[in-house]
Amino acid sequence: MTIETWLAFAAASAVLLVIPGATILLVVSYALGQGWRTARN
């Protein structure tokens with residue numbers, strides 16, 4: 001594997017790790033809308 005291919009893979013993986021998934025967005029929306037205790041349970 002060339003260094004360019006590895007860097008492209010590492011950059012794509014980092015972007016995917018930084019973007020929150022649907023579940024995280026749902027929990028954050030509940031926390032903002034109804035309070036942190038409701039989202040945690």
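**Exercise 1. Locate Leu7 and determine whether Leu7 is buried or exposed, or in between.**

Solution. Leu7 lies in helix α1, which spans residues 3-18; helices here are DSSP runs of H or I with at least four residues, strands are runs of E with at least two, and both are numbered from the N terminus. The model is predicted, so local features need pLDDT of at least 70, side-chain atom pairs count only at pLDDT 80 or more, and totals for chains, interfaces and linings use all residues. Residues are numbered from 1 along each chain as its sequence is written, and side-chain values use heavy atoms, with hydrogens and water left out.

Next, apply the cut-offs: buried means under 20% relative accessible area, exposed over 50%, and partly exposed in between (1.4 Å probe, protein chains only). Leu7 has 47% relative accessibility and therefore counts as partly exposed.

**Exercise 2. State which elements the protein chain contains and how many of its residues, in percent, are buried.**

Solution. The protein chain has three helices and zero strands. From the N terminus on, the order is α-α-α. Of the 41 residues, 5% are buried.

**Exercise 3. Identify where confidence is lowest and where it is highest.**

Solution. Confidence is expressed as pLDDT, the predictor's confidence in each residue, from 0 to 100. The protein chain averages 83, and 85% of the residues score at least 70. The lowest mean, 61, belongs to helix α3 (residues 36-40), and the highest, 92, to α1.

**Exercise 4. Describe the chain over residues 6-32.**

Solution. An unreviewed UniProt entry places the feature "transmembrane region" at residues 6-32. Over residues 6-32 the chain is 89% helix and 0% strand. The end C-alpha atoms are 39 Å apart.

Terms used:
UniProt positions renumbered as here; feature names shortened; annotations may be inferred.
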